Amino acid sequence: MATRKSKALNIEYPSAETVQIIQQSLLSWYQNDHRDLPWRKNTDPYSIWVSEIMLQQTRVDTVIPYYERFMKQFPTIFDLAQATDEQVVKAWEGLGYYSRARNLHAAAKEVVGKYGGRVPDDLITISSLKGVGPYTAGAILSIAYNKKVPAVDGNVMRVFSRLFALTDDIASISTRKKMEKIAEHLIPDDAPGDFNQALMELGAMICTPTSPQCLFCPVQSVCNAYHQGIQEELPRKKKAKPPQEVPVVVAWITCDEYCVVEKRENHGLLRGMWSLPTWEEITEEDAVESLQNICAEKQLSIKDIRIVGKLEHIFSHRHWKITIVAIHLEKKQDQLLSRWKWINIDELEQIALPNVYRKALDLLF
Ligand code: SF4
């Protein structure tokens, strides 16, 4: 493959002939073979935005029903901007990474307040919105507004690593910048949106993390990794630290048909969300005694206390090893911690509870 080298950026750009082969092969493959996904039915910037935020760290199959429900509940950016935080988080319940929902909501309000509800079509303005990083900005601008802006996600990084046999660590920022420059060089003037989607689709369907389907790949003829037989060795990525293991106690505090829920702090993990009362750094051995002490401090009289189950939940940086303790109180006393409140057990369905607590409730019931 003939190349042109940019010394300053240490990038070897593919030749004009290779670029043309990649563009034509990918576009014609995408036009014939792309998946029929709900967010591909139109090029409305708001719906593309919602789908791209949901797709971060989440599989397409998981996202589809959430996306359809979300768009039914908030069909326009105005509907989303007018919704309460609680409604938005509830609609997101189960998808995890709730800061995505909060940022999207805040950004929708900004777009309605500042730009009359029109999603900005320039890179600087759109990138200033909460939760809109370079990939999301590129996806919206190229797909909705046909702008020649790269949208480089993990799929695209993998494809480029193999296509150009790049051994750079794909977890590093400089590699991402390098890939964005290569993408800029490849995007055709007349079909930026389709081309970006074709690259993502290739990474999702053919050039998959394990066992890439090279025999069916539209760009096999110009793929360096395939010709060198090293496609399974790429991309290179420095191993991330495993999530930190933390012992956690979750309490299921009840009295008659009522249970206690806790509003989490406005910072840190699952910030601002409803949960069951939770303490980090308490081990299973200390669980019962620690909770007895907490109840004694609050003058809550315990009728019964015992460990009823264990479960594990992994967030991006934390691995909770959870002991669930059931506490039955003598009376539905009101002197609770400030972030606690009594609700009827039937009402649990109506509040947005993170997955980890849904798992705990499944175990309890
Ligand atoms: S030929 Fe194989 S390794 Fe190369 S881009 Fe296609 S699927 Fe990926």
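**Helices, domains and pockets**

Analyst: In this predicted model, the buried residues of α1 pack against β2 (11–14), α9, α10 (173–186) and α11.

User: Which residues of α1 are buried?

Analyst: Buried here means under 20% relative accessible area. In α1, that covers Thr 18, Val 19, Ile 22, Gln 23, Ser 25, Leu 26, Leu 27, Trp 29 and Tyr 30.

User: What do the buried residues of α13 pack against?

Analyst: The buried residues in α13 are Ala 287, Ser 290, Leu 291, Ile 294 and Cys 295. An α-helix has 3.6 residues a turn, so residues three or four places apart point the same way. The buried residues of α13 pack against β3 (244–255), β6 (278–280), β7 and β8 (318–329).

User: How many residues of domain 1 and of domain 2 are in contact?

Analyst: The chain is divided into domain 1 (3–233) and domain 2 (244–364). Their centres, taken over C-alpha atoms, are separated by 39 Å. Contact means heavy atoms within 4.5 Å. By that cut-off, 9 residues of domain 1 are in contact with 15 residues of domain 2.

User: Where does the largest pocket lie relative to domain 1 and domain 2?

Analyst: The largest pocket holds about 1500 Å³ of space. Its lining has 44 residues, and the closest to its centre are Gln 56, Gln 57, Thr 58, Tyr 97 and Ser 316. Two or more lining residues come from each of α6 (99–115), α9 (154–163), β7 (302–314) and α14 (355–364). Because domain 1 (3–233) and domain 2 (244–364) both give residues to the lining, the largest pocket lies between them.

User: Which elements each supply at least two residues of the lining of the second largest pocket?

Analyst: About 560 Å³ of space lies in the second largest pocket. Of its 22 lining residues, Arg 35, Leu 55, Val 60, Asn 155 and Ala 204 lie nearest its centre. By class, the lining has 9 nonpolar, 6 polar and 7 charged residues. The elements asked for are α2 (45–55), α3 (60–73), α8 (134–145) and α11 (192–205).

User: Which element gives the most to the lining of the largest cavity?

Analyst: The count comes to 1 cavity of 30 Å³ or more, and the largest cavity has about 130 Å³ of space. Among its 15 lining residues, Arg 162, Cys 207, Cys 214, Cys 217 and Cys 223 lie nearest the centre; by class the lining has 12 nonpolar, 2 polar and 1 charged. At least two lining residues each come from α9 and α12 (224–228). The element that gives the most, with 3 residues, is α9.

Technical notes:
Residues are numbered from 1 along each chain as its sequence is written. This is a predicted model: local features need pLDDT of at least 70, side-chain atom pairs count only at pLDDT 80 or more; totals for chains, interfaces and linings use all residues. Side-chain values use heavy atoms; hydrogens and water are left out. On a 1 Å grid over the protein atoms alone, a cavity is a set of points where a 1.4 Å probe fits but cannot get out, and a pocket is an open set with protein on both sides within 12 Å along at least five of seven lines; lining residues have an atom within 4 Å of a point. Grid points are joined across faces, edges and corners, and a volume is the space filled by probe spheres set on the points. Helices (H or I, at least four residues) and strands (E, at least two) are DSSP runs, numbered from the N terminus. Domain bounds come from an automatic or database domain assignment. Ala, Val, Leu, Ile, Met, Phe, Trp, Tyr, Cys and Pro count as nonpolar, Asp, Glu, Lys and Arg as charged, and the others, Gly among them, as polar. Buried means under 20% relative accessible area, exposed over 50%, partly exposed in between (1.4 Å probe, protein chains only).
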